[in-house]
Amino acid sequence: MASSSTWSSSNWVMESGDVPHVLAVDDNLIDRKLVEKLLRNSSCKVTTAENGPRALEFLGLTSGEQNPLNGRSKVNLIITDYCMPGMTGYELLKKIKESSEMKEIPVVIMSSENIPTRINKCMEEGAQMFMLKPLKQSDVKKLTCQLMNRDCEI
């Protein structure tokens, strides 16, 4: 179940030639650096955040702010860990999907635990995909191929 997902929204797919900008959120520095390296190897621009509140701040979704992204470049994908202190990846997903400006951005949830109820809950809330950690280059390649609307041999 975790690897098969449907990509319901087509308006987030990028124009060919653009470099995808991915926001990677993980409280574990090693995991965050690994995801960043894998994404960069797949020709992505990467911004990292160490927790949900920081990610919301980057996206301009903190309370009182009405200006999404605050003039920063558009994010094409958000990939977040599920288990984080303070705000889980599920809570972050819900906040993003509640935002009229951000709800079309695909969110991928990562977890080292394969818990079907957790996976289903995230997918029902609007996650594009649920991936098991540790991520591999083939996982990221699959993601970026979807993001850039290309057929890639994986």
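The model is predicted: local features require pLDDT of at least 70, side-chain atom pairs count only at pLDDT 80 or more, and totals for chains, interfaces and linings use all residues. Residues are numbered from 1 along each chain as its sequence is written, and side-chain values use heavy atoms, with hydrogens and water left out.

**The whole chain**

Select the protein chain and colour by secondary structure. The chain has 5 helices and 5 strands; helices (H or I, at least four residues) and strands (E, at least two) are DSSP runs, numbered from the N terminus. Along the sequence, the elements follow the pattern β-α-β-α-β-α-β-α-β-α. Of the 154 residues, 46% count as buried, where buried means under 20% relative accessible area, exposed over 50%, and partly exposed in between (1.4 Å probe, protein chains only). Among contacts with a separation of 6 or more, 64% are accounted for by residues 24 or more positions apart; a contact means heavy atoms within 4.5 Å.

**Asp81**

Next, select Asp81, found in strand S3 (residues 77–81). An unreviewed UniProt entry lists Asp81 for "modified residue: 4-aspartylphosphate"; UniProt positions are given in the numbering used here, feature names are shortened, and annotations may be inferred rather than shown by experiment. Asp81 counts as buried because its relative accessibility is 6%. Now display its surroundings: not counting residues up to four places away in sequence, Asp81 touches Val25, Asp26, Asp27, Gly89, Met110, Ser111 and Lys133.

**H2 against H3**

Select helix H2 (residues 52–59) and helix H3 (residues 89–98), whose axes come within 10 Å and cross at roughly 20°. Axes are lines fitted to C-alpha atoms, for helices over the stretch in contact, and angles run from 0 to 180 degrees between N-to-C directions. H2 and H3 are therefore roughly parallel to each other; this class covers angles under 35 degrees, with over 145 roughly antiparallel, 65 to 115 roughly perpendicular and the rest oblique. Show the side chains of Gly52, Ala55, Leu56 and Leu59 of H2 and of Leu92, Lys95 and Ile96 of H3, which make the contact. These residues divide into 5 nonpolar, 1 polar and 1 charged (Ala, Val, Leu, Ile, Met, Phe, Trp, Tyr, Cys and Pro count as nonpolar, Asp, Glu, Lys and Arg as charged, and the others, Gly among them, as polar).

**H3 against H4**

Tyr90, Leu93, Lys94 and Lys97 of H3 meet Lys121, Cys122 and Glu125 of H4 in the contact, which has 3 nonpolar, no polar and 4 charged residues.
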